[in-house]
Amino acid sequence: MKKKFLFILVTLICALCCAFGFAACGGGTTPPPSTEKHKGSLREGYVEKYDGLTGTVHWVKNEETGLEIYTRIFRREDFDESKKYPVVIASHGYNDFSKNGNSALVSNIVKQGIVCVTFDFCGGGTQSKSEGKTTNMSVLTEISDLEAVLAEVKGFSYIDTAKICLFGQSFGGMVSSVTAARHNDEIAALILQAPAIGYANRGGYTSKDEIPEETVINYMKVGKKYFLDAWDFNSWDEIGHYKKDVLIMYGTEDDAISPETINRACEVYGEEHCTLRIVEGGPHGFQDKQYIEVADDMKAFFVKTGLIKSAA
């Protein structure tokens, strides 16, 4: 009888603790998600160390889609959370995934005292760690994902919200260019690497009824939504609303994006705001070699746009 009474008493105490948010029951906070993708190296707050910087996993909820976005925050080892830092939010290309701290792109940015945030688009690649299927992905869902990450990053206490730069490669470059235009007052600078502006289109279909439920494009299965969301979408009509400085990087061996697309983008942004960096022999997807080659150009651009005072 005494043991039974003691058990009931302990149970009541625990229930009261949880009700009032006592530390013994988790401090009244909601426990992190228990799904497999949030475990191990993918769990919230997981820190990985690289050469001179760290990367921290952070999951961002896209309230519009209800999906969670796998995000990583890269900072220098001497990072001080009580200070304010500029930030670069980097968007990957079609059927790709976000870069880690070993990438020359990330390390070059972070070494300048800039926080670098990378993320996987929901359904944006067959190896994406974010929620969502590739068959539910479209240019509009990727813009929504980037907007969700942007809103989250602006809420970080250590971010200087007057010094936010978007970086986008290929399809992510188109997404970044449109997002920058839609958030002109929030984005201080824009860097585009082989941006696929204009590549979200009707896919050659003459009517919506012709669009199949699923099709494969560049080794990735997409759904009908991919074309439906692009049916009345024209990135060329939007990007010119961004009125600040833009750096465009393009390789001469790019076999995916035409020189005409790059030249047209430069014309839309205007000579006053657009800087074009041609990389001899550079492929469509830059590797570390190319990112090292353009490192000084990016540093100069960060100084020009006020993200940093001088290159480190």
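Student: What should I know before we start?
Tutor: This is a predicted model, so local features need pLDDT of at least 70 and side-chain atom pairs count only at pLDDT 80 or more, while totals for chains, interfaces and linings use all residues. Residues are numbered from 1 along each chain as its sequence is written, and side-chain values use heavy atoms, with hydrogens and water left out.

Student: Which cysteine sulfur is closest to the one in Cys274?
Tutor: That's the sulfur of Cys266, but at 3.6 Å it is too far for a bond. Cys274 is buried, at 13% relative accessible area. Buried means under 20% relative accessible area, exposed over 50%, and partly exposed in between (1.4 Å probe, protein chains only).

Student: And Cys116, what's up there?
Tutor: Its closest cysteine sulfur is in Cys165, 9.6 Å away, so again too far for a bond. Cys116 is buried too, with a relative accessible area of 1%.

Student: Switching topic: how many salt bridges?
Tutor: Nine, where a salt bridge is a side-chain nitrogen of Lys or Arg within 4 Å of a carboxyl oxygen of Asp or Glu. One of them joins Asp232 and Arg202, 3.7 Å from N to O. Asp232 sits in the loop between α5 (224–228) and α6 (235–239), and Arg202 in the loop between β7 (189–193) and β8 (214–217), 30 residues apart. Helices (H or I, at least four residues) and strands (E, at least two) are DSSP runs, numbered from the N terminus.

Student: Is Asp232 buried or exposed?
Tutor: Exposed, at 68%, whereas Arg202 is partly exposed at 36%.

Student: What does Lys224 pair with?
Tutor: With Glu213, at 4.0 Å from N to O. Glu213 is exposed at 58%, and Lys224 is partly exposed at 23%.

Student: Last one: which residues form the negative surface patch?
Tutor: Glu253, Asp255, Glu280 and Glu293. Patches take residues with over 30% relative accessible area and no salt bridge, and like charges are joined within 9 Å. Asp255 is in the loop between β10 (246–251) and α7 (259–269), and it counts as exposed at 73%.

Key
Disulfide = S-S within 2.5 Å. Patch = residues over 30% accessible without salt bridge, like charges linked within 9 Å, V, L, I, M, F, W, Y side chains within 5 Å. Areas by Shrake-Rupley, 256 points an atom, 1.4 Å probe, with all protein chains shown as cover. Lys, Arg positive; Asp, Glu negative; His and termini not counted. Charge placed at Lys NZ, Arg CZ, Asp CG, Glu CD.
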